[in-house]
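Please walk through this model with attention to its helix packing, its charged pairs and a few individual residues. The structure is shown first, and the explanation follows.

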Amino acid sequence: MPSRNMIAANTSVFSSLDEYCTSCAEPISNAGRPRWISTTSSGKKFLMNATLVAELSLSAVVKVARFDFSNRAFFVTSGLDVPEAPNALRVEDLDGGLLTAFLSEIRPSPAARASEIRNIVEYADKMSTPGYDGHDPLLVSGLFPKIHVFSVQDLLIDESFKVFFLICLSGRRAEQWIDEQLAQVLNSVTQLSAGAIPYETLCRSILDMDPSALFLALYRCLEALYALTLTQQLMTAVQISKPWAEMAQTLEETLGWYPREEPSLEALLDRAAPEHLQTVMAALNETIPDNARSAQCVARRIYQLRNALVHYRPFHRKFSFKAVNWNRLCEAMALLVFHVYGQVNGDRERFAE
């Protein structure tokens with residue numbers, strides 16, 4: 001990536017503040033004049049050379065970004081109250097160069113009132129203030145939702161959204177529905193391959209006030225494996241050796257074949273631990289009948305709940321969402337994901353032997 005233009009980046013930050021105040025009918029008196037955020041020599045190097053690797057926008061104010069600089073990955077968040085750094089991450093100070101890079105690239109909306117912004121921005125500029133050396137980064141950062149910075153050494157790019165997920169999990173709001181027991185189980189999911197799990201979807205669901213969003217995100221983790229069983233059976237029969245996901249994609253693109261959902265879910269749940277299947281039913285205030293196959297029964301109930309959430313038909317109105325213990329259901333779904341993916345990885349290792 002070519003070096004970032006420091007003047008352009010600072011101009012972008014202050015122009016956005018000018019525009020915000022104008023939209024609030026409180027224009028800034030020194031709008032358009034040269035202004036910048038003061039920084040150190042190391043901060044200037046970061047601003048010029050740090051590479052934006054990944055970003056996640058959850059709202060106008062809640063955003064997460066990864067910048068890489070000098071063999072370290074820097075994770076910058078706005079609008080999240082992260083009480084402590086997730087595992088393996090180190091808390092960093094908010095430098096003016098890093099702040100400028102984040103605000104100019106990610107552009108979170110200000111959190112302060114227009115009058116508060118004017119008090120800070122109108123205070124000085126290059127044209128009217130002798131010896132102007134830039135605006136204080138702490139004062140500028142205070143105009144935006146709370147900004148946190150974490151870093152880690154030598155992190156693969158593919159791991160970015162896994163770290164985003166850990167940050168979102170740590171930054172969930174106190175009034176949200178996720179309890180600590182569920183949070184600990186969700187934390188364990190990050191041991192799974194970053195390429196196999198839709199971590200971006202999980203990030204969005206973690207911060208959603210609707211618990212069904214997390215259930216559907218975990219369902220999607222299982223859905224990603226629906227083609228596994230039948231594809232592996234075909235590959236074994238015709239003696240093809242290649243990644244099953246690649247084979248499944250070829251089958252869909254050339255033959256239009258894709259697996260039926262409920263039977264595919266049942267085949268996956270045949271790999272699940274029996275206690276996790278029991279926990280799903282308990283969270284739904286139901287039990288597995290004595291004469292029923294556990295995987296078949298649980299697959300049917302999970303699929304019925306999924307349909308009730310994503311479809312609107314008279315049949316689905318009968319479902320009572322209040323009867324669901326969402327913490328325990330999502331905990332059970334997370335354990336299913338963790339266990340099934342572990343089984344799949346074991347199969348992959350065996351196929352490789």
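H1 passes H4 in a left-handed crossing, where left-handed means that the near helix is turned anticlockwise from the far one by less than a right angle, and right-handed that it is turned clockwise. The axes of helix H1 (residues 6-23) and H4 come within 10 Å and cross at roughly 140°. H1 and H4 are therefore oblique to each other; angles under 35 degrees count as roughly parallel, over 145 as roughly antiparallel, 65 to 115 as roughly perpendicular, and the rest as oblique. Axes here are lines fitted to C-alpha atoms, for helices over the stretch in contact, and the angles run from 0 to 180 degrees between N-to-C directions. Helices (H or I, at least four residues) and strands (E, at least two) are DSSP runs, numbered from the N terminus.

The model is predicted, so local features need pLDDT of at least 70 and side-chain atom pairs count only at pLDDT 80 or more, while totals for chains, interfaces and linings use all residues. Residues are numbered from 1 along each chain as its sequence is written, and side-chain values use heavy atoms, with hydrogens and water left out.

Helix H13 (residues 274-283) and helix H14 (residues 294-310) pack with their axes 10 Å apart, at an angle of about 40°. That angle makes H13 oblique to H14. The crossing of H13 and H14 is left-handed.

The loop between H13 and H14 holds Asn285. Phi of Asn285 is near 60°, a positive value in a residue other than glycine. Asn285 counts as exposed because its relative accessibility is 60%; buried means under 20% relative accessible area, exposed over 50%, and partly exposed in between (1.4 Å probe, protein chains only). Arg107 also has a positive phi, of about 55°, although it is not a glycine. Arg107 is located in the loop between helix H3 (96-106) and helix H4 (114-121). With 42% relative accessibility, Arg107 counts as partly exposed.

Next come the charged pairs. Side chains of opposite charge can pair when their charged atoms come close. A salt bridge is counted when a side-chain nitrogen of Lys or Arg lies within 4 Å of a carboxyl oxygen of Asp or Glu. How many salt bridges does a search of the whole structure find? The search finds 17.

One of them joins the side chains of Glu286 and Arg301, at 2.7 Å from N to O. This pair links distant parts of the chain, with Glu286 in the loop between H13 and H14 and Arg301 in helix H14, 15 residues apart. Is Arg301 buried or exposed? Arg301 counts as buried, because its relative accessibility is 13%. Glu286, at 30%, counts as partly exposed. Elsewhere, salt bridges that share partners join Glu26, Arg118 and Glu122 into one network.

Asp68 and Arg66 also meet through their side chains in a salt bridge, 2.7 Å from N to O. Arg66 is buried, with a relative accessible area of 1%, whereas Asp68 counts as partly exposed at 23% relative accessibility. In the salt bridge of Glu116 with Arg113, the closest N and O atoms are 3.5 Å apart. Here Glu116 counts as partly exposed at 31% relative accessibility, and Arg113 counts as exposed at 55%.

The remaining residues are nonpolar. Leu234, Val238 and Ile240 make a nonpolar surface patch of about 210 Å². Patches are made of residues with over 30% relative accessible area and no salt bridge; like charges are joined within 9 Å, and nonpolar side chains (Val, Leu, Ile, Met, Phe, Trp, Tyr) within 5 Å. Accessible areas come from the Shrake-Rupley method with a 1.4 Å probe, and for residues only the protein chains shown count as cover. Val238 is found in the loop between helix H10 (228-237) and helix H11 (244-255). Val238 is partly exposed, with a relative accessible area of 45%.

Met209 is found in the loop between helix H8 (199-206) and helix H9 (211-223). At 45% relative accessibility, it counts as partly exposed. The C-alpha atoms of Met209 and Gln176 are separated by 6.1 Å, although the two residues are 33 residues apart along the chain.
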